[in-house]
Amino acid sequence: MPSPILDVRGVSVPRLGFGTWQVTGRAAREGVRDALQLGYRHIDTAKMYANEVQVGEGLRESGVPREEVWLTTKVWIDAARASDLRRSAEQQLTDLGVDRLDLLLLHWPAPGVPLAETLGALAGLREEGLIRELGVSNFPSALLREAAALAPVFTNQVEYHAYLAQDAVLAACHESSVMLTAYSPFARGRLLDDPVLGDVAAAHDATPGQVALAWLLAQELVAAIPKASSNERRAENLAALELELSPEEHDRIGALRSRGIRTADPSGLAPTWD
Ligand SMILES: NC(=O)c1ccc[n+]([C@@H]2O[C@H](COP(=O)([O-])OP(=O)(O)OC[C@H]3O[C@@H](n4cnc5c(N)ncnc54)[C@H](OP(=O)(O)O)[C@@H]3O)[C@@H](O)[C@H]2O)c1
């Protein structure tokens, strides 16, 4: 069974998190509260999701002690300059109502801003104790290597699921013990009707979503952050931590990569992928 906790360079991270993109207002507050009460201990948000105030409210309403929750947020690319980044991070801490973030990421590579400047600013926040770890998101392998040479990058959050191979990014992560946080682990739902996943799920009395997550979570240094709107689905997704696939099942699901489906490829924002 996959351990519910990942050890990343001596730091413990709950490997299944709750993603909050497109969850706003009351749904964000209640979703985060309910997810934490169900047993999630890792929450993923971002400045761009416009829900940090509600995520913070949900965190407090849950009654789960702050130190038990891994809280990740992201700065948008318009704050990649050092002075803007500090201002954004301070506002995000205020909005979330916390003294410290567990992880602060640059949401996408920021064109026109030297990587050394952004990562230097993140490293400065880390040294001051405002953030525990720093990271990047949507970085292809070459850019990740560049980043890891400049600062202690803790994670690269990228789209990863059985329909999208991420061998190059995974290899670059392994070189520097960087966690790969898999976003859109269900390919935004497209993976859930797959007949192979359905087959494997039936053999375990599980659901295709649980199989999709178990496949990711069995991989070294991989965490996943599914989003679900209902508490039933959130509970179902959390229970994927109890599902263990056989090596044959793992390979069968891995073969689905030939589909090559990438759901997040925004023009003007996306880098040249591997
Ligand atoms: N760094 C980045 O650039 C980036 C980009 C995209 C996403 N993310 C992060 O990754 C998180 C997850 O990605 P995502 O929201 O794009 O996609 P996802 O988690 O792959 O899929 C979410 C979809 O799956 C459905 N779903 C969830 N659990 C289900 C279940 N048990 N049974 C059936 N359907 C289920 C959800 O439906 P309902 O909501 O209706 O339940 C929703 O339509 C985001 O919330 C965000 O935190 C980061």
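Colleague: How are α5 and α6 oriented to each other?

Modeller: This is a predicted model, and in it the axes of α5 (residues 141-150) and α6 (residues 167-175) cross at roughly 15 degrees. Angles under 35 degrees count as roughly parallel, so α5 and α6 are roughly parallel to each other. Their axes come within 9 Å.

Colleague: And the handedness, left or right?

Modeller: Right-handed, where α5 passes α6.

Colleague: Which residues meet there?

Modeller: From α5 you have Ser141, Leu144 and Arg145. On the α6 side they meet Ala168, Val169, Ala171, Ala172, Cys173 and Glu175. By class, that contact has six nonpolar, one polar and two charged residues.

Colleague: OK, moving to α1. At what angle do α1 and α2 cross?

Modeller: Roughly 35 degrees, with the axes of α1 (residues 25-38) and α2 (residues 52-62) coming within 7 Å. α1 passes α2 in a right-handed crossing. α1 puts Gly25, Ala28, Arg29, Val32, Arg33, Leu36 and Gln37 into the contact, and α2 answers with Gln54, Val55, Glu57, Gly58, Leu59, Glu61 and Ser62.

Colleague: What about α1 and α9, at what angle do they cross?

Modeller: The axes of α1 and α9 (residues 231-238) cross at roughly 40 degrees and come within 10 Å. That makes α1 oblique to α9. The crossing of α1 past α9 is right-handed. Gly31, Asp34, Ala35 and Leu38 of α1 make the contact with Asn231, Arg234, Ala235 and Leu238 of α9. In class terms, the contact of α1 with α9 has four nonpolar, two polar and two charged residues.

Colleague: Good. Switching to the ligand: which residues come nearest?

Modeller: There are 27 residues around the ligand, and of those Asp44, Ser184, Phe186, Lys227 and Ser229 come nearest.

Colleague: And which ligand atom does the side chain of serine 137 reach?

Modeller: A nitrogen atom of the ligand, at 2.9 Å from a polar side-chain atom of serine 137. Asparagine 237 has a side-chain N or O atom 2.9 Å from a nitrogen atom of the ligand.

Key. Residues numbered from 1 in each chain as written. Predicted model: local features only at pLDDT ≥ 70, side-chain atom pairs only at ≥ 80, totals over all residues. Heavy atoms only, no water. Axes fitted to C-alpha atoms, helices over the stretch in contact; angles between N-to-C directions. Helix = DSSP H or I, 4+ residues; strand = E, 2+ residues; numbered from the N terminus. Parallel < 35°, antiparallel > 145°, perpendicular 65-115°, else oblique. Left-handed = near helix turned anticlockwise from the far one by under 90°. Contact = heavy atoms within 4.5 Å. Nonpolar A, V, L, I, M, F, W, Y, C, P; charged D, E, K, R; others polar. Near = heavy atom within 4 Å. Polar contact = N/O pair within 3.5 Å; in protein donor to acceptor, adjacent residues only side chain to side chain.
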